[in-house]
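Trainee: Could you take me closely through one part of this model, the surroundings of the ligand, and then show what lies elsewhere in the fold? Please keep it brisk.

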Amino acid sequence: MADSRLAMFGGTRTVDADAGASESTAWPIVTDAEREAVLGVLDSGRLTSVEHGEVQLLEQEWAQYVGVRHCAALSSGTAAIELALVATGIEPGAEVLVPAFSFIATASAPVLRGCVPVYVDIDPVTYTIDPVAAAAAITPRTQAILAVHLHGLPCDMDALRALADRHGLVLIEDAAQAHGATYHGRQAGALGDVAAFSLNASKNLPTSGEGGLITTDDPEILQRVLLHRQFGEELTGRGERAYLSTVVAGNAKLSTIQAAFTRCQLARLAERHEQRDRNVRRFLDRLAALDGIVTPHCPPDRTHAWFQLRLRFDNQRSGCPDVSPGALRTILQRALRAEGVPVRPYQSLPLPAQPALRAVRPADQPYRPQDHPTTLAVIEDSLTIQRWHLNPAAGPLLDRCADAFEKVWEQRELLLPAARSMTYRPLWQQLDRTAAQA
Ligand SMILES: *Cc1c(COP(=O)(O)O)cnc(C)c1O
């Protein structure tokens, strides 16, 4: 008979201890195709991207996959956001609307290009930028909206498009987490004026290190991206290099080996997505049956790339309204980790509460937690599953994870004394106190 005691209290763990290092959770998946492609580049002797075809082939294949005219490969997703801003003519000093809930690069890329991020709260159901709050944040200085398809779910792009058109704003997609997701049948990356993707090894379309992609239908945006990724020079690979730079620019090219690796991943992207979609839906359906666990919602007009699975824990519906959401989440994380489920927070602060971003704010506009209540609530009461579920062979392990959730949920009463006696303070409050003491 299975040991029903919680692993936290000495029972048997539900998920094998070595599951995270097993073949069925490996990501990226490296097959002979990747090995041959990478060795093929080494053996070709042509390692620079202008001479070799791998980068250009990846650009063509990704443009075709997304359904846009142009793609440019870059050194990272962060570089892709920066060059999207530069290439669409967003000026230093301009305000860029960004969601308060995202990865740091969504806000640091505009700052690095001299822009001012203006933080907008998220929608409580999709966790993506709230178009109504975005409308309220527009000023005469606003020039762009940076729409992050967080966790792999496309934003409400019709509403954002209408807003952008009404105010003459550029609509930029941060699609770093959303390769292959769709909105009204169109791919992420074809939904704005320009889109930035990451090829970081952790993402749904990975390379064997760092990389990024930009997609657009606009040939002028493409031309400016190309200039800005390579020293401001027009490098065609044809004829003698002129060493003629027309703009001051850095170097953000993708390496040939990275491109060759990603082309192999791209060939399997759709097939892997389909199996992942089945695994994830089965897993989430079981969790959704547990009263008090809120699973990700995918509106019927879009598809989810499932880059991350976010689970919220509702203290009211869980029967413990007296326990703070942060304390409940902390104790659940301990119990689930003990069972072998790799739950962890993703983002422990709203972007505007990040020390780095607070430091570049005007002194008369300090961070105010009440400006982004939904972002704060989601950070407090949720955990994520990352990476494990990306591998299409992870289905049986996700079933074990669902077993563990059911086990912990049934016995959550036993966790509540520890949650009640915990001194819990959200990170933003701890930082506030440090700032006040400084
Ligand atoms: C990963 C990520 C980025 C940055 O991409 P890098 O390739 O790591 O530079 C930007 N935005 C979001 C939402 C991301 O998840």
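Mentor: Contact here means heavy atoms within 4.5 Å. Keep in mind that the model is predicted.

Start with the ligand. Its shell holds 15 residues, and G77, T78, Q177, S198 and K203 are the closest. By class, the shell splits into 5 nonpolar, 8 polar and 2 charged residues.

Now the polar pairs. A polar backbone atom of G77 sits 2.7 Å from an oxygen atom of the ligand. The side chain of Q177 places an N or O atom 2.8 Å from an oxygen atom of the ligand. Taken alone, the ligand exposes 380 Å², and the protein buries 92% of that. Two elements give two or more residues to the shell, α3 (77-87) and α4 (105-112). The largest share, 3 residues, is from α3.

Next, the nonpolar packing. The largest nonpolar core has 37 residues. Which members touch the most others? They are F283, I293, F313, L332, V341, I385 and F405. Several elements give two or more residues to this core: α8 (256-288), β11 (308-313), α9 (325-339), β13 (382-386), α12 (395-410) and α13 (416-421). Helix α12 gives the most, 8 residues. In soluble globular proteins, nonpolar side chains tend to be buried together.

Beyond its neighbours within four places in sequence, V341 contacts V15, L336, I385, C401, A404 and F405. I385 and F405 are also on the list of members that touch the most others. Another core lies apart from this one, with 32 residues, including I81, A100, C115 and I221.

Finish with G395, which belongs to helix α12. Is G395 buried or exposed? G395 is buried, because its relative accessible area is 2% and the cut-off for buried is under 20%. Setting aside residues up to four places away in sequence, G395 touches N279 and R282.

Terms used
Residues numbered from 1 in each chain as written. Predicted model: local features only at pLDDT ≥ 70, side-chain atom pairs only at ≥ 80, totals over all residues. Heavy atoms only, no water. Core = buried A, V, L, I, M, F, W, Y, C linked by side-chain atoms within 4.5 Å. Buried < 20%, exposed > 50% of the residue type's maximum accessible area, 1.4 Å probe, protein only. Helix = DSSP H or I, 4+ residues; strand = E, 2+ residues; numbered from the N terminus. Near = heavy atom within 4 Å. Polar contact = N/O pair within 3.5 Å; in protein donor to acceptor, adjacent residues only side chain to side chain. Areas by Shrake-Rupley, 256 points an atom, 1.4 Å probe, with all protein chains shown as cover. Nonpolar A, V, L, I, M, F, W, Y, C, P; charged D, E, K, R; others polar.
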